Structure formats: structure tokens, C-alpha cells
Amino acid sequence: MKVLINSINYWPELTGIGKYTGEMAEWLAAQGHDVYVVTAPPYYPAWKVAEGYRSSAYKTEQVAGVTIIRCPVWVPPSPTGLTRIIHLLSFAMSSMPVMLWLALTKRPDVVQVIEPPVACTPVAWLSAKLAGAFSWLHIQDFEVDAAFELNILPEGPVRKVVEMIERFIMRRFDRVSTISEKMLERLVSKGIDPAKQFLFENWTDIDAIQPIAGLNKLGLELNIDANKKVLLYSGNMGKKQGLEILVELAKGVQHREDIILLLCGDGVMRPELEHLAQGLSNIQFLPLQPMDRLNELLNIADIHLLPQRAGAEDLVMPSKLTNMLSSGKPVIATVGQNTQVASVVKLCGAVVSPDNAAQLCQAVIALIDDPEKSARLGAAGRRYAEQNWELNAVLHKAFVL
């Protein structure tokens, strides 16, 4: 089978969509399929094009059996609502001729486009039609809904027009998949035929990410006091997460000398968080760790923190959750009680209201002071990951077309 994938994010990005699209493409190639990926140079979550790549040039690579075509993209140094739109449109425009050329010359059997950006969906659908291929829209993030509901873009008549265009395009695809049950419900509200809908959850490599017994080498290298209880946030530091609450958490547990917060990652919010955390001795910032250190990083945690801003919980399903559970450590999430995230986290940790720092402090202390419960919840999370998110099982199910 020949598969053509259009995704602005891809390997070697370590978080979010790039990580999952890269793993999916390499898995397909390992199964013997011909895989072509049209993407941008790596830039996320730092919003800076990685060393060895150029934002203004086309580039072709062969990695792990996958043919990767990098297309120019404009990367704003400080993304806002307007500059994000220009950024996404720049990739949609530069990738358009590549998608059409590959459709006509390679004749793929499947054309899959990853949203965001929604701006790439019309050309992906057209490419599938030209090739006589199965057209597949996979939604990792309802970017249009999130942009308006989080006030990144202003409400008004523009929203109605944008949503009308989005629904029109979505309905044209042979398959529209997304990563949680609640997100599938949103597809229903957009008028997508249930027969076309497909639950394609994110996954975890349960062999690569698993509980570690004994000393943690990364913890020793980072000089993390072995007597401290570590609260870990790892991943993108963006505006959707409501990460300011973690600074409030650090202030709220200052009286506990046995607790430290580690914030590991990069993104547009990191400078602001570092500013807010000035003077706090119980919070430490780390850069993103390479994939070969990810398991050690996740196992530094005594508790994983999963903040989400109110209103965003069912527009996305945090990609980091799969590996959190696989590590066998409990999770505390700041989400609404009736959300998809909450339904999972309640099995393996605690759920507190978004923006309620006092409640978050109470939940943290309750788990820290009850190590038996923490261990039990962490083990429950590991079982959930094994039963629901194992990489091979998820991908085999998705690619029975």
C-alpha cells in the first residue's frame, strides 16, 4: 500500500503531533508500505526552526524507510492569533504543489491529512481524488473551535463563515478520525456522517515507557534530591494548558520542604512562567529531553501534572497522557469532571477544577502523604495503557481500511 501523509509537524519533534505522526509513518514503513510525508522543517514546541534545517527551502530526506519532503514555512518568533494563521497558511501554500505532484506521480492508495492545520484539508482531499485514493482526515486538535473558545481569535460573524467552510470540507472525506470519544461527539455536532467517523486514539510504546525500579540515572545527573517528592510537568508550554496554575501550586506547597516541581519543555509560555516563578526555590525548569531519556524523565515523577485551561478539555486529548500512564505514576489533572480526560484520569489519579490552585494543592498533598494509594493508582494507569493504548494494537486497528 502507498500512503501519503500531510502533516505540518513531524519527526524529529519530540512532543505532540510531530511525535505521533512520526511514529505512525515509521510503523507503516516497517510493515512494508511505501510512505511519503509532506511536512515542514521541525520547529515545535520552541517556535524556532531546528539546526540543520531552513524555513525557506524544500528538502527531501529518507528516514526509517519514510520519504519526507520538507516544505517552506514561516515561523513567528512570538505566535499570536493572527501570526498563527499566517504560519499555517504559509505551509498550506508551500505544500500544495508537492501534494498534488505526489498524488499524480505516486498514485497513493491512502491520503491522510493531520489537523491542524485545517487549511491543508482542501488540497489533501483534492490529492486523494486525483489519485483515486481513500481520503482520511485525522483531527488531533479542533484548532478552529479552540481558537475562538479560548479567545485566541475574536467571536463574531467570521466564526460562522470559518465553521461553515470547515464542515463543508470535513464532510467530503471518506474517513474522519479523532483521538477521544468526546471529540467524536463534536464531529457529530459538525454533521459528519457517523459511518465515516473513526476513533483513532494516540498510543504509547509500553516497552519503551515503563516503570523503572531502583536508581534513576537522569535524576542523579540533574541533582534531584532523592528525598524530594517530584511533581512533573513535561511537554509543550502553550496557552491551552493554563500552566500558570503550576506556579500557584509551587507557592501553595512552599511549606513542604519534601516537594519540588519540575517543568520540562519549551513553548511560548515558558518565558512568562520563568518570570512568574522568580524567587521560588521549589520549582525548576528543564529543557526537553531526548527520546532516549524520556522513560527516565517520566520515572523521576512521583506525580504527573496535567493542567488544562477551562473550555479546552474536550477540544484536545493531551498527547502526553499516554506516556504518563505507561510510566506507572499517578496523574493529577485540572479538567472538568465530565470531560474525556477526567474519565481516564479518575482511574489513575485525581481530577480537580481548572484554575483552582487551592484544590490542586490539596490533591497533591493527599497523594504525597498516601504512598500506598499513589502506587495503586500508578499501577492502574499502567494497566489502562497496556489494555487500551499499546502502539501495535492501535495502529493495526486503524490501518485495516
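This report walks through a predicted model of a protein, from its overall build to a few individual residues.

## The whole protein

Let's start with the big picture. The protein contains 15 helices and 14 strands. Its radius of gyration is 21 Å, close to the 21 Å that the globule rule gives for 401 residues, so the protein is as compact as a globular protein of that length. If you follow the C-alpha trace along its principal axes, it spans about 65 × 50 × 40 Å.

How do parts of the sequence that are apart come into contact? Take the contacts between residues at least 6 apart in sequence: 71% of these join residues at least 24 apart.

## Inside and outside

Of the 401 residues in the protein, 58% are buried. The accessible surface comes to about 16800 Å², and carbon and sulfur atoms account for 55% of that surface.

## A buried glutamine

Now zoom in on Gln 197, which sits in strand 8 (residues 197–199). Is Gln 197 buried or exposed? Its relative accessibility is 17%, and because buried means under 20%, Gln 197 counts as buried.

Which residues does Gln 197 touch, apart from its neighbours within four places in sequence? They are Val 176, Leu 184, Leu 187, Val 188 and Ile 192.

## Two cis peptide bonds

Two prolines deserve a visit. Trp 11 and Pro 12 are joined by a cis peptide bond, with omega at about 10°. You can find Pro 12 in the loop between strand 1 (2–6) and helix 1 (16–30).

Further along, the peptide bond from Glu 115 to Pro 116 is cis as well, and its omega is near 5°. Pro 116 lies in the loop between strand 5 (110–115) and helix 3 (121–131).

## Two residues with positive phi

Asn 223 is not a glycine, yet it has a positive phi of about 60°. Look for Asn 223 in the loop between helix 7 (217–221) and strand 9 (229–236). With a relative accessible area of 69%, Asn 223 is exposed.

Asp 355 also has a positive phi, near 70°, and is a residue other than glycine. Where is Asp 355 placed? Its loop runs between strand 14 (349–352) and helix 13 (357–368). Asp 355 has a relative accessible area of 54%, and exposed means over 50%, so Asp 355 is exposed.

Technical notes:
Residues numbered from 1 in each chain as written. Predicted model: local features only at pLDDT ≥ 70, side-chain atom pairs only at ≥ 80, totals over all residues. Heavy atoms only, no water. Helix = DSSP H or I, 4+ residues; strand = E, 2+ residues; numbered from the N terminus. Buried < 20%, exposed > 50% of the residue type's maximum accessible area, 1.4 Å probe, protein only. Contact = heavy atoms within 4.5 Å. Rg over C-alpha atoms; globule rule 2.2 N^0.38 Å. Areas by Shrake-Rupley, 256 points an atom, 1.4 Å probe, with all protein chains shown as cover.
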